[in-house]
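Please read them with the structure open beside you.

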Amino acid sequence: MSEKATRKIAFIGSESYPFVKTGGLGDVMYALPRSLTRQGCEVRVIMPYYNCIPQKFKDKMRFLGSFMMDLCQDGRAFFVGIMETELDGVVYDFIENREFFDWGNPYTGLWEDIPKFCFFSKAALSALNYLEWSPDIIHCHDWQAALVPVYLRTRFAPTPVGRARSILTIHNLRFQGICSIGHLKYWTGLPDYLFDYPVFKQSEEEANMFKGGLAYADRVTTVSDTYAQEIQTGFYGEGLDGHLRYHREKLHGIVNGIDVDIWNSADDELLPAPYDAANVLQKKPENKRALQDRLGLEEDDKKFVLGLVSRLTDQKGLDLVNVVFEELLDENTQVVILGTGDPRYEGAFRYYESQNPGQVCAYIQYNESLAHQIYAGCDALMVPSLFEPCGLTQLIAMRYGTVPIVRETGGLKDTVEPYNQYTDEGNGFTFDRYEADLLLDAVNRAKELYLTDRAHWDEMVLRDMAKDVSWENSAKQYLALYDELREQE
Ligand code: ADP
């Protein structure tokens with residue numbers, strides 16, 4: 001067996017597609033292990049056995065065994081069951097305990113979720129010892145698995161799993177697992193010194209699980225380079241900027257990819273006219289007309305169709321869109337919005353639709369098939385986020401030959417190279433400060449190129465489709481990081 005084939009990686013996190021997914025974390029927990037497996041790693045994903053996992057997956061799982069595990073300060077012991085299944089070469093081990101995981105969808109509220117993930121973190125490490133599977137690297141995700149690096153260096157240090165090195169990835173810094181010091185002390189059963197300032201202590205009364213994990217992990221990653229820099233500042237740091245600056249030597253940014261099998265315009269059953277780079281210029285107008293027809297817009301493939309696919313929240317920069325909405329419109333332009341969220345934005349976009357029939361469509365729903373059709377049928381996609389750890393919609397847009405218009409923040413900055421009209425390079429249109437006029441200016445620059453210099457626009461469409469936005473690229477960077485850590489053993 002080659003050296004590469006011997007890398008053993010355990011992923012520990014609270015959700016993974018296709019079993020349970022509530023957000024981007026679920027996608028990463030699915031796609032990255034698959035990609036690492038293809039690159040010769042042996043990967044096990046450890047997650048809770050939630051009651052809400054669809055029965056068709058439960059039916060395929062086998063019971064590997066169970067044991068009792070002490071957890072709390074007073075030595076309370078809990079049942080740990082292990083269920084296993086395999087998918088595309090990746091082994092999934094599910095931690096079973098009905099008291100913690102039989103309710104919720106899968107999360108409930110922080111008060112219950114904190115004991116749940118204290119249990120899960122410790123049980124995941126205990127399960128690895130029970131299975132006698134000793135990984136080189138334990139890759140933990142978000143606050144729910146942030147206790148793992150702490151347990152690893154304390155309670156589990158003298159056990160077989162204690163030889164592993166740990167990585168903690170920040171997908172969303174907004175959620176940190178903060179509670180009273182007493183609550184966390186009780187449930188973790190960890191020693192008092194860990195509740196001092198450099199580890200869990202958040203304030204005189206509060207403890208922060210993410211903070212402890214960031215302190216104890218051997219490496220910390222987040223989902224883009226720019227976001228790794230941004231979270232060390234007060235504006236983006238969610239109160240942990242000082243802590244992250246202190247640990248900056250071990251902080252890295254690795255941008256996410258997208259699943260290029262799911263997002264494949266050449267073989268996408270949801271598209272009226274599938275296409276690849278060889279025929280995109282002929283097929284896009286066909287997809288555009290089908291989209292206009294489906295959404296009740298004036299059918300005209302000469303129009304510049306501007307899309308937005310997004311959760312409708314403040315993070316996504318929708319207040320900027322709201323301010324300049326009327327100015328985005330002219331006789332050459334149509335706007336399509338797909339999203340749900342804050343009623344303030346839902347109402348505003350519905351209003352613009354009612355005022356501009358045939359020209360604006362606000363589709364206030366979560367609709368996977370329409371999302372595919374929008375990526376294929378639009379000319380450009382707006383992503384004007386206030387902050388964006390990585391962002392997937394701009395990657396999908398590029399893969400579908402739709403030009404992204406983005407604010408230069410987080411992963412948007414790292415993945416969209418601004419168009420340079422003098423050298424004819426770049427992938428999209430960008431703006432820097434969080435100002436509505438700058439968004440409008442970026443849209444107008446895009447529109448002008450589309451309407452007056454189609455040859456250069458089309459070249460950008462082809463450049464975007466040729467860009468590598470797959471997971472393979474990111475997986476290689478994670479592999480390099482794993483190897484760097486292994487060499488330090
Ligand atoms: P976030 O995870 O912050 O919501 P991302 O850009 O990382 O943002 O991922 C958003 C994903 O959700 C993309 O795959 C996008 O296509 C999808 N999406 C967002 N809103 C909708 C919607 N209303 N209908 C269908 N898909 C949506």
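The points below go from the ligand site to the sheets and then to single residues.

1. Basis. This is a predicted model, in which local features need pLDDT of at least 70 and side-chain atom pairs count only at pLDDT 80 or more, while totals for chains, interfaces and linings use all residues. Residues are numbered from 1 along each chain as its sequence is written, and side-chain values use heavy atoms, with hydrogens and water left out.

2. Ligand shell. The ligand is surrounded by 15 residues, the closest being Arg 311, Lys 316, Gln 365, Tyr 375 and Leu 392; a residue is near the ligand if one of its heavy atoms lies within 4 Å of it. Seven residues of the shell are nonpolar, six are polar and two are charged. In this division Ala, Val, Leu, Ile, Met, Phe, Trp, Tyr, Cys and Pro count as nonpolar, Asp, Glu, Lys and Arg as charged, and the others, Gly among them, as polar.

3. A polar side-chain atom of Lys 316 is 2.8 Å from a ligand oxygen atom. Of the 570 Å² of accessible area that the ligand has on its own, the protein covers 84% (Shrake-Rupley method, 1.4 Å probe). Helix H13 (368-377) and helix H14 (393-399) are the elements that give two or more residues to the shell. Helices (H or I, at least four residues) and strands (E, at least two) are DSSP runs, numbered from the N terminus.

4. Six-stranded sheet. An open sheet has the strand order E14-E13-E12-E15-E16-E17, with parallel pairing; two strands pair if DSSP finds at least two bridges between them. Its edges are strand E14 (360-363) and strand E17 (429-431), each of which pairs on one side only. Within the sheet, four bridges join strand E15 (residues 380-383) to strand E16 (residues 403-407), and Val 383 has Val 406 as its bridge partner in E16.

5. Strands E1 and E2. Strand E1 (residues 8-12) pairs with E2 in the parallel sense over five bridges. The bridge partner of Lys 8 in E2 is Glu 42. In strand E2 (residues 42-48), six of the seven residues are buried (under 20% relative accessible area; exposed is over 50% and partly exposed in between, with a 1.4 Å probe and protein chains only).

6. Asp 136. Is Asp 136 buried or exposed? Asp 136 counts as buried because its relative accessibility is 7%. This residue sits in the loop between helix H4 (110-130) and strand E6 (137-141). Its side chain reaches the backbone nitrogen of Lys 8 at 2.7 Å and makes a polar contact of 3.4 Å with the side chain of Arg 486. A polar contact is a pair of N or O atoms within 3.5 Å; within protein, one must be able to donate a hydrogen and the other to accept it, and residues adjacent in sequence count only if both atoms are side-chain atoms.

7. Backbone geometry to check. The peptide bond from Tyr 17 to Pro 18 is cis, with omega near 0°, and a cis bond also joins Asn 105 and Pro 106, with omega about 5°. Asp 142, not a glycine, has a positive phi of about 60°. Asp 424, also a residue other than glycine, has phi near 55°.
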